[in-house]
Amino acid sequence: MKTKRFILQESEIPKQWYNILADMPNKPLPPVNPGTKQPLKAEDLYPVFCEECARQELNTTDRFIDIPEAVLEQYKNYRATPLVRAYGLEEALGTPAHIYFKNESVNPLGSHKLNSAIAQAYYAKQEGTTNITTETGAGQWGAALSYAAKAFGLEAAVYMVKISYEQKPYRRSIMQTFGAQVTASPSMSTKAGRKILTENPTHQGSLGTAISEAVELALNTPHCKYVLGSVLNHVCLHQTVIGLEAEKQMEMAGEYPDTVIACFGGGSNFSGLALPFLRHNILDGKKTRFIAAEPASCPKLTKGEFAYDFGDEAGYTPLLAMYTLGHTFRPANIHAGGLRYHGSGSIVAQLLKDGYIEAVDIEQLDSFKAGVLFARSEGIIPAPESCHAIAATVNEALKCKETGEEKVILFNLSGHGLVDMAAYDRYFSGDLANYNVSDEEIAANLAASGVVSI
Ligand SMILES: *Cc1c(COP(=O)(O)O)cnc(C)c1O
């Protein structure tokens, strides 16, 4: 009998995260102070971030970092997640490729985001913080963080991108169920929000505006720390639990991936699955391909500039080395809210620059088409973000069909789409469009953002 799902025991959940900073031949460029242009030390990040997260952010020496006991206890609620052989999708495509997916949609919050939310809430609590604040796009991060905050007895204030607040009201309800306070961003409750709204009264919000508001709240509120759902090195670190499990599970399947694929917003689910495998390219001469699938409407990896830029719209964050479309970029209102971010994290940016990974851009309609095919062949409705990874997987699998190659493809099912059915409804009614950004628009936005090329 063929095995469909590869399952690890509770005792096999990894006890450490993998820190690729220790192994990268070229370290990512450090965050710098926008005023002095000096590289930041961990202490410089303490006013905004939890101290342990700030130290992890800059830790380039420890290859593995222990997962705290209390975090492991929370992981046991939903980990290890299954690795699944997508026989149904293979058959639907008629491909000789072996397609596997890591199913991060099985936790009750519905996405991989919980892996870092739990860790960050734990560290905040440990350090005497009482309140945490954050941004959320489509709401998966906000939902995960709201639960994690409650689990560790913290108050959470979430700024939710306005377009998603309106498109995905049930994610707001989920956050409120866990006791979080949710505000649509841009809002009139912060200086950054008021400035954006007075200049642009119909601004639909972006992750950049929501981050500005959350950072401002953290800076102005005692015992309040800001936590981020992606982009930063420590978030990618926490997500490596995905790839470390997948490594053991691929071994159970008796295979090793030729191609690893994940969708790309800021880089955390991609990093989570890819980095543990990528270490074998760096250290052991493996030749796995790593493909980040981003939306054509927000193409920072395929069309952005490698540059120092702000992580938020108002320019409150340190300057980060990233592939960026400019921090004032306003992405089209696509339904994959979690992918509407102007930049990539520094680790992924450096890996792309050094040729360790590749990027592709996916049109909105192609992403839903692939998502529906996956749903009908595997019985799981994927998140609109995850549909981008599926579309890239389908493209690779169809290439194998042409060449007859039996490649092993592994992708990350970063979340389910059960709270995104309004987006599917619009797709079925022919109401969704593709959005492309021209090179001229990108160049103009980079110039307007004052981005410093590297
Ligand atoms: C947030 C999110 C993403 C994109 O974020 P990354 O930081 O790139 O991982 C992808 N899929 C889902 C389901 C998400 O919630």
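Author: Happy to! Let's start with lysine 113, which has a polar side-chain atom 2.6 Å from an oxygen atom of the ligand. Please keep in mind that this is a predicted model. In histidine 112, an N or O atom of the side chain is 3.2 Å from a ligand oxygen, and in glutamine 140 the corresponding distance from a side-chain N or O atom to an oxygen of the ligand is 3.3 Å. The ligand on its own would expose 370 Å², and the protein buries 98% of that area. That goes along with where the ligand is found: the space it takes up is the largest cavity.

Now for the neighbours as a group. There are 18 residues around the ligand, and the ones that come nearest are Lys113, Ser230, Gly265, Asn269 and Ser414.

As for the strand, take strand 13, residues 319–324, where six of the six residues are buried. In a regular strand, side chains alternate between the two faces of the sheet. Here one side carries Leu319, Ala321 and Tyr323, the other carries Leu320, Met322 and Thr324, and all of them are buried, leaving both faces covered. Strand 13 also has a partner: strand 12, residues 305–310, runs antiparallel to it, and six bridges join the two. Within that pairing, phenylalanine 310 stands opposite leucine 319 of strand 13.

Note on methods: Residues are numbered from 1 along each chain as its sequence is written. This is a predicted model: local features need pLDDT of at least 70, side-chain atom pairs count only at pLDDT 80 or more; totals for chains, interfaces and linings use all residues. Side-chain values use heavy atoms; hydrogens and water are left out. Buried means under 20% relative accessible area, exposed over 50%, partly exposed in between (1.4 Å probe, protein chains only). Helices (H or I, at least four residues) and strands (E, at least two) are DSSP runs, numbered from the N terminus. Two strands pair if DSSP finds at least two bridges between them. A residue is near a molecule or strand if one of its heavy atoms lies within 4 Å of it. A polar contact is a pair of N or O atoms within 3.5 Å; within protein, one must be able to donate a hydrogen and the other to accept it, and residues adjacent in sequence count only if both atoms are side-chain atoms. Accessible areas come from the Shrake-Rupley method with a 1.4 Å probe; for residues, only the protein chains shown count as cover. On a 1 Å grid over the protein atoms alone, a cavity is a set of points where a 1.4 Å probe fits but cannot get out, and a pocket is an open set with protein on both sides within 12 Å along at least five of seven lines; lining residues have an atom within 4 Å of a point. A molecule sits in a cavity or pocket if more than half of its atoms lie within 2 Å of its grid points.
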